[in-house]
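User: I'm new to this structure and would like a close look at one part of it. Please start with a single residue and its surroundings, then show me what else is worth a visit.

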Amino acid sequence: MTPEGLLFISNKGETLPVAWELRKEGVPLEYYVHDLTCRNAYSGLMPRIGQGQLLEAVDRAQTVVIDIILKNEQAPRDLAFLDKFKIPHSVPGLFGTLGDKLKKPPYNKEVIGGGALPEKVELDREEGIKLARLCGFDIPEYHEFTSLKAGAKFLHGPGKSKLWVFKPHGNAALDLTKVEDFAGELLDLLTTTYPARLGDGVKFILQEKIDGQEVSSEIWSAAGVVMHPNRTLEDKKLNDGNTGPAVGSASNTVFLCKNADGIVHNLMVKIPWLKDYTGPIDANCIITKDGRVWFLEWTFRFGYSALFLFLSLIKKGKLSTFFLKKFKAEPDRSFVASQVLTLHPFPHVRDKPALYGPMIKDNLINSPIDTNGAWWVDVYKDSKGKLRCAGADGYLGVILDRGATAEEAIKACHKRVAEIKKAGISGDLQHRTEHDHLESHLGRLEKFKSWGINLF
């Protein structure tokens with residue numbers, strides 16, 4: 001029997017909304033969630049498989065989708081996962097080597113994501129910087145450290161005349177990537193707050209803060225064939241005015257580009273091993289008034305909110321073509337904007353699940369799973385057919401809508417948010433506002449335009 005359909009391998013079920021859409025199109029699909037704290041997500045909606053079913057699921061799949069790059073923590077569940085595929089326990093990441101292995105005999109699968117090389121440049125920031133330099137990006141001054149004390153010594157001495165960004169290695173918690181707001185802020189954090197949270201032995205870089213405008217640029221590669229160049233304007237922090245913890249993609253605006261010859265994309269296509277990789281690639285950069293492109297970081301995996309936005313541009317009924325036919329489904333050229341909905345005390349639920357979990361678990365979402373524009377994440381369906389928070393972290397989902405301009409898309413998105421709020425969500429809902437979204441993203445686009453920099 002010829003294998004068909006898809007197997008998703010995920011850590012926290014971040015792509016469950018995508019799998020849900022694919023199943024609605026009739027695609028045979030199985031889904032593995034590695035992190036057991038997320039095992040309730042989509043309960044009552046869609047089956048998930050356990051480790052004991054993985055090898056059989058691989059056999060049944062035509063295409064395996066690996067949606068994350070994840071550090072190998074050497075936890076018992078991590079090692080048991082590696083044992084399933086006879087992968088050495090010493091590998092730095094959990095899913096990278098797997099992606100390479102599944103492409104070869106005896107598996108011979110189409111694989112989206114994964115790969116030891118992409119894993120290496122994302123888990124090790126210095127390796128990522130080396131690749132960016134090779135492609136021609138400008139690289140901000142940076143220094144690598146293996147202890148907080150060493151970083152503090154640098155900030156107290158030769159680094160005290162500049163502002164810096166603290167970036168830990170290994171896909172650490174998003175809120176730990178800290179951009180210094182005033183001189184001495186990181187020095188204080190590295191000598192007081194961070195040691196209590198992290199201990200001293202932390203591998204990280206301090207990167208010079210660059211004054212410019214931030215934009216993420218993405219391409220999709222199918223074994224070296226580059227498609228669908230697009231951009232994401234993102235607000236990473238939880239609250240309006242870029243306050244609160246960094247949670248990633250609190251507000252997004254996504255749009256397609258004419259081709260991959262434009263600024264940033266023309267550097268990304270120079271990745272020397274692009275022909276060996278199938279999946280999305282994102283380069284997050286600061287662009288300055290003089291047109292210089294300052295590299296920040298790579299994402300060789302799905303960027304979750306941005307993924308939902310981009311896929312929403314695929315014609316209805318063609319999502320299966322996109323995933324099963326090497327991304328050969330043409331997206332619409334609209335703008336699309338999104339807003340993340342979370343429940344307080346997100347993002348801290350995972351820090352103290354016993355304390356905070358009961359504050360969000362089972363909270364009612366008085367809207368259906370197929371609400372227009374809603375890509376629900378930490379949810380399940382109860383015995384009465386109601387949608388509720390599954391309780392992993394309170395990241396309820398991403399609400400989005402489209403428009404002919406960025407302004408139209410943002411306003412339409414927040415109209416959907418208002419409708420969902422009116423229908424009712426129990427608990428303390430968190431999201432950024434329409435005014436903030438418009439001011440941030442339209443202001444950024446206007447700044448690029450005034451500099452003569454074409455993002456389209």
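Analyst: Let's start at S216, whose side chain makes a polar contact of 3.0 Å with that of N284. A polar contact here is a pair of N or O atoms within 3.5 Å, where one must be able to donate a hydrogen and the other to accept it, and residues adjacent in sequence count only if both atoms are side-chain atoms. Please keep in mind that this is a predicted model, in which local features need pLDDT of at least 70 and side-chain atom pairs pLDDT 80 or more, while totals for chains, interfaces and linings use all residues. Residues are numbered from 1 along each chain as its sequence is written, and side-chain values use heavy atoms, without hydrogens or water.

The side chain of S216 also has a polar contact with that of D282, at 3.4 Å. You will find S216 in strand β9, residues 213-222; strands (E, at least two residues) and helices (H or I, at least four) are DSSP runs numbered from the N terminus. Is S216 buried or exposed? S216 counts as buried because its relative accessibility is 7%, and the cut-off for buried is under 20% relative accessible area, with exposed over 50% and partly exposed in between (1.4 Å probe, protein chains only). Leaving out residues up to four places away in sequence, S216 touches N230, R231, T232, E234, D282, A283 and N284, where contact means heavy atoms within 4.5 Å.

Next, have a look at helix α1. Its buried residues are L16, P17, V18, A19, W20 and L22, and their cover includes β1 (6-10), β2 (29-33), α11, α12 (319-324) and β16. Just after α1, G26 has a positive phi of about 90 degrees.

Finally, there is the largest nonpolar core: a set of buried Ala, Val, Leu, Ile, Met, Phe, Trp, Tyr and Cys residues joined through side-chain atoms within 4.5 Å. Of its 90 residues, F81, L311, F323 and W376 touch the most other members. Helix α11 (residues 304-311) supplies the largest share of this core, 7 residues. Apart from this core lies another, of 43 residues, including I271, I281, V293 and A409. As a general point, nonpolar side chains tend to be buried together in soluble globular proteins.
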